[in-house]
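Colleague: Hey, I'm new to this one. Could you put it up and walk me through it?
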Amino acid sequence: MVATTSSRVRGATAGCTLAVAAAAATASAQLLFVESLVVGSPSFRGAASGARTPAAPSVASAPGASSSAAVASVGAIAGLAAAAAVGASSRRQRRSAQANPSLVAMGAGTLADCPYTVYGQKDVDVASEREAMRDIGSPLEVQMPPEMAGDLDAQRAYFQNNLPKIYKDLKIHGAIVFRGFEISKESAGFTQVGEALELERCEDPLHSVAARDAVNKEMGVYEAVNKPSRRKFYVGMHNEMVGNRAPGAAIFVCFKAAEEGGEFLVADGRKMFKELSEDWLKTAYEREVRYSTAEFPMGFIEGLPGFLQGAVEPLAFGAVQQALKMKVDFDTELVWERSEYDGSKILQVRAMPQVPIVRHPYTGEPAWWGSMHSHSEFLRSEREKVYGDEGLTETTGASRINKTDVYYADTSQKVENDRLKELDEVTMRCAVPVKMKEGDMVLLDNYLVMHGRCPFEGTRKHAVTWFKSPDYTKAEA
């Protein structure tokens, strides 16, 4: 059942605002808690990677919680509602800036804002366009000319002088692996590669909701998924996107390879479009999909006396809704659901509908798109059977809060497991592992190819810079 905000919710939230002075300490603590939940969810800290990130301990207990815990939870939500209301003006300011692109031309520092996602017209003829699509090898590998060894100026000039050919190759293959270059073995030299290719750096799409670890934030060099706590996690294949923003291109770089594993993965979305079953492509494209990005346990409500449940439920809904509006600059929807863990009440956060097939902004080619492979709870669980989990079930509330899944947008029905199995088979057949060494780079078009990462052991130091789409008018004919 999808819940909507009513005057009753707004009235309850407004009433809580008056109590903020008496509950200041509780409000501050709960605001920090919910911020950690929102930022900690995979869609807000790693929608693209599908990684589940530990969050702060949950104050929401299971049904049957003690009355004192229930009262504390009610008070905490009340405080959160008050604090959330205080932040409404900043949310309105962000909305105003979003409506006026000239106000959001530049992000933090010298980086442009991550651009809005370009899906193209919803006019893909699946049958005829699959038949006409040619087979293209991806990624293309390019080795540094041996005569450039030790000459960093020559290496920088290589990218500048070969820009038209590199753009042509990127447009055709979707991804290019550059091997052997020394200029990219450290951050300062790496940034010169993007500059030589006349690519415009943009903010990490996570910028509006969270802070990805950075190697050099001012220059837009962000860490990839390197943390030891993430080493067992298989980062499913995805296109980089958070909310309604997606970079057009990226360059991934290896500063240090893991001792074992950690291969970067590339899968051509055009090839996946051609190899997925035609009937399901048509179905998914027509029905569109929605991703759930987080679940907030609300079982404590069912542990309250009956006369309180009806009052607390809309209050909890309104408080979480306001907290989300404060933290993200894109639309989400809250849905009352039952937890698959224990059947208790939860509030599930869902992103807006999106098509799983996009037309490339420049070439017009259709390509499979999105984060279904990384966000599916079923596929993630299947991968954990092979690679092991990260022990999130041992953390209080984190494994429940940081949970994602994928649904059809028209009915909120989960995508069927047999379809997800097919998706996994095709994805892994199309995915090409790239074992990167120090200085190796992968330039990719985010609308043509998906990326991911294998589990690893040891220390892995990879980074990424996001860019707006290349100006393909500069490409060789």
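Predicted model: local features only at pLDDT ≥ 70, side-chain atom pairs only at ≥ 80, totals over all residues.

Colleague: Okay. Are Asp268 and Arg270 buried or exposed?
Modeller: Both Asp268 and Arg270 are buried.

Colleague: And how many salt bridges are there in the whole structure?
Modeller: A search of the whole structure turns up 30. One of them pairs the side chains of Glu129 and Arg359, at 2.5 Å from N to O. That pair ties together distant parts of the chain: Glu129 sits in helix α6 (residues 126-132) and Arg359 in strand β12 (residues 357-359), 230 residues apart.

Colleague: Why does Glu129 count as buried?
Modeller: Its relative accessible area is 18%, and buried means under 20%. Arg359 is buried too, at 17%.

Colleague: What about the side chain of Glu195, which residue does it meet in a salt bridge?
Modeller: Arg201, at 3.3 Å from N to O. Glu195 is partly exposed, with 34% relative accessibility.

Colleague: Switching topic. What's the strand order in the open sheet of 7 strands?
Modeller: It goes β1-β2-β16-β6-β19-β4-β3, and the pairing is mixed. At the edges you have β1 (140-143) and β3 (214-216); each has a single partner strand, so one side of each is left without a neighbour in the sheet. On average, neighbouring strands are turned by 25 degrees against each other, ignoring direction.

Colleague: How do β1 and β2 run, parallel or antiparallel?
Modeller: Parallel, with 4 bridges joining β1 to β2 (residues 175-179). For example, Leu140 has Ile176 in β2 as its bridge partner.

Colleague: Which strands does helix α8 touch?
Modeller: Helix α8 (residues 163-173) packs on the sheet and touches β1, β2 and β16 (441-445). Its direction makes about 130 degrees with that of β2.

Colleague: And where does helix α9 lie?
Modeller: Helix α9 (residues 187-196) lies across β3, β4 (221-223), β6 (249-256), β16 and β19 (461-467). Relative to β6, helix α9 runs at about 155 degrees.

Colleague: Great, thanks!

Terms used:
Residues numbered from 1 in each chain as written. Heavy atoms only, no water. Pairing = 2+ DSSP bridges. Helix = DSSP H or I, 4+ residues; strand = E, 2+ residues; numbered from the N terminus. Axes fitted to C-alpha atoms, helices over the stretch in contact; angles between N-to-C directions. Contact = heavy atoms within 4.5 Å. Salt bridge = Lys/Arg side-chain N within 4 Å of Asp/Glu carboxyl O. Buried < 20%, exposed > 50% of the residue type's maximum accessible area, 1.4 Å probe, protein only.
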